[in-house]
Amino acid sequence: MTELYKKWFIDRQFERAELFLKLTEKYKINTVLYPGSFVHITPSFYIPTAYYVDSDRKAKKFFANKSEVVELINKRKNYEQEPELHFFGQDYFKPLDIKERSIDLLISQYAGPISQACKRYLKKGGNLLVNNSHADAGIAALDSDYKLVGAVKFSNRKYTISEDNLDEYFYPKKDKELSIKYLSELGKGVGYTKTASSYIFEKCC
Ligand SMILES: C[S@@+](CC[C@H](N)C(=O)[O-])C[C@H]1O[C@@H](n2cnc3c(N)ncnc32)[C@H](O)[C@@H]1O
């Protein structure tokens with residue numbers, strides 16, 4: 001079943017492993033919540049405790065074979081302790097059995113308005129890794145609970161996290177008043193004058 005990880009992420013060169021390495025080098029991250037993860041378990045190679053959430057049938061089957069998934073994580077992990085793996089085969093809008101304000105890193109990649117739906121689980125000072133494919137980066141930029149602290153650049157197959165000129169991001173190309181409600185309903189990102197491949201926010205409260 002870990003074939004599915006190989007097919008979707010290794011064969012397509014889309015593991016994003018270096019990104020998670022860089023994140024864990026820069027921020028103190030021991031726990032991660034990844035709603036809409038599908039079978040993208042790369043964060044577990046760098047972060048010991050992980051909560052994955054996905055309602056997809058194939059994802060449920062993948063995580064049901066927990067020993068095989070843990071075996072793969074053990075082969076690739078970059079930390080000493082045993083990995084702790086949790087999976088919720090459900091809609092991430094519904095309550096998750098996770099303590100509120102307990103998570104160090106919340107991941108939102110290509111899977112909807114996670115910055116809002118799962119914000120309550122992120123601790124104060126915790127980080128949100130978010131891209132704008134479903135407008136979620138733009139949503140987080142409008143949310144005063146989040147502060148932009150980094151921009152992820154991907155070039156020549158290398159990830160870098162930049163803290164330079166962060167105030168230049170999230171200026172819409174079109175002269176349109178944006179709101180969290182508007183972007184959430186739109187469900188796809190609008191154009192901005194300057195963009196990054198992903199963004200890192202810090203939860204301020
Ligand atoms: C395009 S895939 C992205 C997978 C992964 N985040 C990545 O970056 O490779 C989107 C995933 O989000 C899941 N998803 C979307 N909305 C969801 C929801 N409300 N609750 C649970 N899973 C959801 C889908 O089932 C799908 O597996």
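Which residues have the most contacts inside the largest nonpolar core? In this predicted model, that core has 52 residues, and those with the most contacts inside it are V32, Y34, L105, L106, L128, A140 and Y199. Let's take Y199 as a way in. Leaving aside neighbours within four places in sequence, Y199 is in contact with V130, A137, L148, A151 and V152.

**The strands around β6**

Strand β6 (residues 146-155) pairs with strand β8 (residues 198-203) in the antiparallel sense, over 6 bridges. One of the bridge pairs joins Y146 to K203 in β8. β6 also pairs with strand β7 (residues 158-162), again in the antiparallel sense, this time over 5 bridges. Here S155 has K158 of β7 as its bridge partner. β6 and β7 form a hairpin with 2 residues between them, and N156 in the turn has a positive phi of about 50°.

**Two helices with a buried side**

Helix α2 (residues 17-26) has L19, F20, L23 and T24 as its buried residues. They cover an arc of only 130° around the axis, so they sit on the same side of α2. The partners they pack against are β4, β5, β6 and β7.

Helix α3 (residues 57-64) buries A59, F62 and F63. Viewed down the axis of α3, these buried residues fall within an arc of 90°, so they line one face of the helix. The face turned away from the buried side carries the exposed residues R57 and A64. On the buried side, the packing partners are α1 (3-10), β2 (49-53), α4 (66-76) and β3 (84-88).

**Around the ligand**

How many residues surround the ligand? There are 16, and the closest are G36, F38, D56, Q109 and A111. By kind, this shell divides into 7 nonpolar, 6 polar and 3 charged residues.

| Residue | Other C-beta atoms within 10 Å | Class |
|---|---|---|
| K188 | 10 within 10 Å | exposed |
| R101 | 15 within 10 Å | partly exposed |
| A135 | 24 within 10 Å | buried |

K188 lies in the loop between α7 (180-186) and β8. Not counting residues up to four places away in sequence, K188 touches H134 and A135. The C-alpha atoms of K188 and H134 are separated by 4.1 Å, although the two residues are 54 residues apart along the chain.

A135, one of those contacts of K188, is placed in the loop between β5 (122-130) and α6 (136-142). Is A135 buried or exposed? A135 counts as buried because 24 C-beta neighbours lie inside 10 Å, and 20 or more are needed for that class. Its backbone deserves a glance too: phi of A135 is near 75°, a positive value in a residue other than glycine.

R101 is found in the loop between β3 and β4 (103-108). Phi of R101 is near 55°, also a positive value in a residue other than glycine. As background for these angles, most residues other than glycine have a negative phi.

Technical notes. Residues are numbered from 1 along each chain as its sequence is written. This is a predicted model: local features need pLDDT of at least 70, side-chain atom pairs count only at pLDDT 80 or more; totals for chains, interfaces and linings use all residues. A residue is buried if 20 or more other C-beta atoms lie within 10 Å of its own, exposed if 12 or fewer, and partly exposed in between; C-beta atoms are placed from the backbone. Helices (H or I, at least four residues) and strands (E, at least two) are DSSP runs, numbered from the N terminus. The arc is that of the directions from the helix axis to the C-beta atoms. Two residues are in contact if their C-beta atoms, placed from the backbone, lie within 7 Å. A residue is near a molecule or strand if its C-beta atom, placed from the backbone, lies within 6 Å of it. Ala, Val, Leu, Ile, Met, Phe, Trp, Tyr, Cys and Pro count as nonpolar, Asp, Glu, Lys and Arg as charged, and the others, Gly among them, as polar. Two strands pair if DSSP finds at least two bridges between them. A nonpolar core is a set of buried Ala, Val, Leu, Ile, Met, Phe, Trp, Tyr and Cys residues joined through C-beta atoms within 7 Å.
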